[in-house]
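Here is a short note for a colleague opening this model.

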Amino acid sequence: MAQLEARNLHTSYGLSRVLFGVSFEVEQGSCIALIGRNGVGKTTTMRSLIGLTPPSEGEVVWEGRQIAGLAPHAVAKLGIGFVPEDRRIFPELTVWENLDIARRPAEPGRQAWGEDEVFDLFPDLRDIQSRAGGVLSGGQQQMLTIARSLMGNPRLLLLDEPSEGLAPRVVETLRERVRTLKESGLSIVLAEQNLGFVLALSDTCHIMEKGEIVYSGTPDHLRENRDVLDRYLTL
């Protein structure tokens, strides 16, 4: 049984339909990627999974339980963490305070994430833990947002456009940190435009276009499929 299943998701903002029957599965410990240009429905898919924009049709099944329609905090308590595209740190709070407010005990027998563990993963944060979140660089804020989600000890992490707006060197560092998370056994759903970032991390790639998944395959297969790359991902 898959850990997470999106089944035929249809999601709207008011009268504007954005998703049209999106379906995919996430196996325990895997990384699946939603790829596509701006406006194709990647963020809406993430919001549908976490409960910020519940689907009008379809199901979100987490470890055998249908959770579509649950409030975001209830979804988070089940073990799903969300790193939004706009980061949403608390700018007036210090790095340590941003982490502390998200603290949640790990389930028995699972790796526990606390400040020591997230500082080991993101060493730069250890050196600036007394600094206010609002004065951090974009890369530091992105690392803080991921670290804050980890403090809730999730079993699956939703990462929405984590590399957007970051310098290439920071993107490379972030990619290696996400790889470390995957190798630790954490399941990941990654929404990204950066194809290199996606291909280096994912087990399965789903290309989205106009609110639908139009291609699914492995990173190796996608690399070799120039027609698909040109049609859906070339600007």
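How many salt bridges does a search of the whole structure find?

1. The count is 14 salt bridges for the whole structure. Keep in mind that this is a predicted model. The points below take up some of these pairs.

2. Start with glutamate 115 and arginine 103. Their side chains meet in a salt bridge, with N to O at 2.7 Å. This pair links distant parts of the chain, 12 residues apart. Glutamate 115 belongs to helix H4, residues 115-121. Arginine 103 lies in the loop between helix H3 (95-100) and H4. The relative accessible area of arginine 103 is 39%, so this residue is partly exposed.

3. Next, look at arginine 126 and aspartate 120. They form a salt bridge, and the closest N and O atoms are 2.7 Å apart. Are the two partners buried or exposed? Arginine 126 counts as partly exposed because its relative accessibility is 33%. Aspartate 120 reaches 56%, and exposed means over 50%, so aspartate 120 is exposed.

4. Now turn to lysine 182 and aspartate 203. Their side chains meet in a salt bridge at 3.1 Å, N to O. Here too the pair links distant parts of the chain, 21 residues apart. Lysine 182 sits in helix H7, residues 168-183. Aspartate 203 is in the loop between helix H8 (195-201) and strand E9 (204-209). With a relative accessible area of 34%, aspartate 203 is partly exposed.

5. Finally, which residues do shared partners join into one network? They are Glu5, Arg7 and Glu59, joined by salt bridges that share partners.

Terms used: Residues are numbered from 1 along each chain as its sequence is written. This is a predicted model: local features need pLDDT of at least 70, side-chain atom pairs count only at pLDDT 80 or more; totals for chains, interfaces and linings use all residues. Side-chain values use heavy atoms; hydrogens and water are left out. A salt bridge is a side-chain nitrogen of Lys or Arg within 4 Å of a carboxyl oxygen of Asp or Glu. Helices (H or I, at least four residues) and strands (E, at least two) are DSSP runs, numbered from the N terminus. Buried means under 20% relative accessible area, exposed over 50%, partly exposed in between (1.4 Å probe, protein chains only).
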